[in-house]
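Colleague: I am new to this model. Please take one part of it, the nonpolar core and the aromatic rings, and go through it closely.

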Amino acid sequence: MTCLMLDTAINQRRALTRRVKALARGLGFDPVGVTSAEPFLDTEKAVVERIGAGLMDGLPWYNEARARRGCHPERILPAARSIIALGLDYQTPQPHVPDDGRLRGRVSRYAWSRDYHRVFESRIKELLSRLREMGGVEARFYVDYGPMPDRAIAARAGLGWHGKNSNLLTTKKGSWIFLAEVLTDLELEPDRPLKKSCGRCIACIPSCPTGAIVSPYVIDNTLCISYHTIENRGVVPRDLRPLMGDWVFGCDICQDVCPVNHQADAGGDREFEARSAEHAFPDLLRILEMTDEEFQARYRGSPIRRAKRAGLQRNACIALGNSGSPAAVAPLAGALRSTEPLVRGHAAWALGRIGGMTARRSLSEALQTENDPEVVDEIRMALKEMGPVSPAV
């Protein structure tokens, strides 16, 4: 009788799990997996070690206390019995770069359209409503603004495996997926982790221009282009600027070279289709001239707002400097009059990198009126790197 009751309970749990997964897929989530609410002890150890080593510097909110709490689901929801791992595919068609001769930057694929947090939230709220109808009483969810280790949860739930660039790789969709999770008091049947890995492949490691992938599975946040173009609110280190190319928000290099991504299914969720080619390959000069009102209007509902206008203009200065184009000199000279010291300093660097008499004259004139010490230093270093004026022949 006991065995019969146990079999019945197991069958009921499996049936409930199938219903939950079908519901999640019906709401557009793909892939979907389930794991237990047991602690993530290995993840906790690794994350705490990396925080202690300074690899997460620049993200003050990502501290040891937060990391430890997130690795113990019972501390977040004491009644939690299961975690539903959810994915959304964002590999949508890439728009063509406009053939208009404009100087353009690049934006990471994930930011071409709507803010994925909003998409997740609306769908998960519907999922939670339906879970309550299935008998669940308590639940909490996070996209990536919470303390929970999204990739570790997804890996244990069988969605994919850890790539050497630290992204989660899935069999069908590569790493082009957003992740979220739902803690619930429902007893669900956990999935098994995949027995897959990147094997000997290290394509992503040498591809990173700044060397941010310091060893397999380990990222130094302070070297990452995505960190500096999005999260960094201050000065970008001078030695990294030439390595950032034309990226103005995020970076996809380590994903673009991944062989798993080359085989990924095309046709991501339509919510993430690029709003326009301009959102994927923005006009750098237009960014420099943008007022705060224009910035807010243009990027309403977009992840790009996270960089703030000054941050995006700083990034545009770096990209223009790396372009080496004389057409960028006049706009950069105009940026030397920005109300933001952050923008003026990086505009000075860019002018020094492009060089030429017009750039030199603009820097020399700006030096006479500039009163911010850090910007003064940038102007002086830019003039010094341009070298002495060649004597007239």
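**Core and rings**

Modeller: Leu 86 touches Ala 24, Phe 29, Pro 31, Val 32, Phe 120, Ile 124, Leu 127, Leu 159, Phe 178, Leu 179, Ala 180 and Val 182, not counting residues up to four places away in sequence; contact means heavy atoms within 4.5 Å. This is a predicted model, in which local features need pLDDT of at least 70, side-chain atom pairs count only at pLDDT 80 or more, and totals for chains, interfaces and linings use all residues. Residues are numbered from 1 along each chain as its sequence is written, and side-chain values use heavy atoms, with hydrogens and water left out.

In the largest nonpolar core, which has 83 residues, Leu 86, Phe 120 and Leu 332 touch the most other members. Such a core is a set of buried Ala, Val, Leu, Ile, Met, Phe, Trp, Tyr and Cys residues joined through side-chain atoms within 4.5 Å. Buried means under 20% relative accessible area, exposed over 50%, and partly exposed in between (1.4 Å probe, protein chains only).

Phe 178, one of the contacts of Leu 86, is buried at a relative accessible area of 6%. Tyr 110 and Phe 178 form an edge-to-face aromatic pair, 6.4 Å centre to centre with 80° between the planes. Rings of Phe, Tyr and Trp (its six-membered ring) pair if their centres lie within 6.5 Å; planes under 30 degrees apart count as stacked, over 60 as edge-to-face and the rest as tilted. Tyr 110 also pairs edge-to-face with Tyr 116, at 5.9 Å and 75°. Tyr 116 is buried, at 9% relative accessibility.
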